[in-house]
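Please keep the model in view while working through the numbered points.

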Amino acid sequence: MTEGTPKKLVELKDLQLYFNKGKSNEVRAIDHVSFDIYEGEVFGLVGESGSGKTTIGRTILKLYEPTAGDILFEGKDVTHLKGKRLSEFRKNAQMIFQDPQASLNGRMKVRDIIAEGIDINKLAESKADRNQKVQQLLDLVGLNKDHATRYPHEFSGGQRQRIGIARALAVDPKFIIADEPISALDVSIQAQVVNLMKELQQRHSLTYLFIAHDLSMVKYISDRIGVMHWGKLLEIGSADAVYNHPLHPYTKSLLSAIPVPDPEVEKARQHVDYDTSVETDGKKRDMIEVNPGHFVLATPEEAATYKAAQR
Ligand SMILES: Nc1ncnc2c1ncn2[C@@H]1O[C@H](COP(=O)(O)OP(=O)(O)OP(=O)(O)O)[C@@H](O)[C@H]1O
């Protein structure tokens, strides 16, 4: 993260997204969520499947219209952008998807997949310029120029994700939402892709929203972490604070589920059960700053108890 006073790049203000609002099958996928993402940081968003992480990413990118609340990008309200302004915003905010197999058009050559954003935004002056830009992008993500004329199926999962990263970078964005970018990959190559993403983030002063359910990888790449459950943000803090000194019982439960590579420690590992009553008893809860920069969704009494129990 850059030195000095951090500047907010993305701000979510009391965001709500309810699917099938008012119907019997209503889902509160985003339920009054507020947080900021600072310029140059990696913000990790974790939580089990169905907690609302993807919906947050898609709502920021304006793929869903929020039910209520505001989204600011570089201080400007982008909640209801349309037309040309929306296209400009989408150039600055790109997405890397979970499954590179599904997100790359199998009938297109790698060159054309990567150049899609270049073409839409008319960023190349000529065909030669377009080809050169594609080659630079391939080089940037550790692929070579011969790959430009091949098709996605000719690549391994890790290489395909590199193509996805090159495609996102092609329009020179400021902000990238990476939605579970490594969970479809072999464990042996997950670290390579995360390392590449980290290196690119630093080299190009990018800001990431890194979505995952695996807290261990998120801890490694993130500056700060937000923990989600049932559409609510339960805890937010530095990666170190959330990982090593968690406050919310849900975060503790999530952490206790991470396998430890040491067989002795793994044998002794105890799973912490989560009592959901701290979300369902109808009490009013707010985000309370328990330690500087470390917030938890709690009543004042719970916040005091969580603080006392902190390791
Ligand atoms: N298009 C939709 N219509 C109705 N409900 C939806 C839709 N998309 C998501 N949901 C519901 O919204 C909730 C949040 O889903 P979301 O995909 O955001 O969670 P997630 O944390 O990203 O999960 P995963 O890790 O499985 O992707 C879930 O209950 C899901 O079933």
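1. Two strands are said to pair if DSSP finds at least two bridges between them. With this in mind, strands β1 (residues 8-19) and β4 (residues 68-73) run antiparallel and are joined by five bridges. Within this pair, valine 10 has phenylalanine 73 in β4 as its bridge partner. Helix α1 (residues 53-60) packs on the sheet and touches β1, β2 and β4, its direction making about 65 degrees with that of β2. It should be kept in mind that this is a predicted model.

2. The sheet to which these strands belong is open and has four strands, in the order β2-β1-β4-β5, with antiparallel pairing. At its edges stand β2 (27-38) and β5 (76-77); each has a single partner strand, so one side of each is left without a neighbour in the sheet.

3. As a whole, the protein chain contains 14 helices and 12 strands. Its radius of gyration is 20 Å, close to the 19 Å that the globule rule gives for 311 residues, so the chain is as compact as a globular protein of that length. The C-alpha trace spans about 65 × 50 × 45 Å along its principal axes.

4. Which residues does a contact join? Counting contacts between residues at least 6 apart in sequence, 65% join residues at least 24 apart. Buried residues account for 37% of the 311 residues.

5. Which strands are joined to β9 by bridges? Strand β3 (residues 42-46) runs parallel to β9 and is joined to it by four bridges; here valine 46 stands opposite valine 227. Strand β10 (residues 232-238) runs antiparallel to β9, with six bridges between them, and glycine 226 has isoleucine 236 in β10 as its bridge partner. β9 and β10 form a hairpin with two residues between them, and tryptophan 230 in the turn has a positive phi of about 50 degrees.

6. In soluble globular proteins, nonpolar side chains tend to be buried together. The largest nonpolar core here has 78 residues, of which Ile114, Ala166, Phe210 and Val296 touch the most other members. Leaving aside neighbours within four places in sequence, valine 296 is in contact with several residues, including Leu234, Leu247, Ile288 and Tyr306.

Technical notes: Residues numbered from 1 in each chain as written. Predicted model: local features only at pLDDT ≥ 70, side-chain atom pairs only at ≥ 80, totals over all residues. Rg over C-alpha atoms; globule rule 2.2 N^0.38 Å. Buried ≥ 20, exposed ≤ 12 C-beta atoms within 10 Å, placed from the backbone. Contact = placed C-beta atoms within 7 Å. Axes fitted to C-alpha atoms, helices over the stretch in contact; angles between N-to-C directions. Core = buried A, V, L, I, M, F, W, Y, C linked by C-beta atoms within 7 Å.
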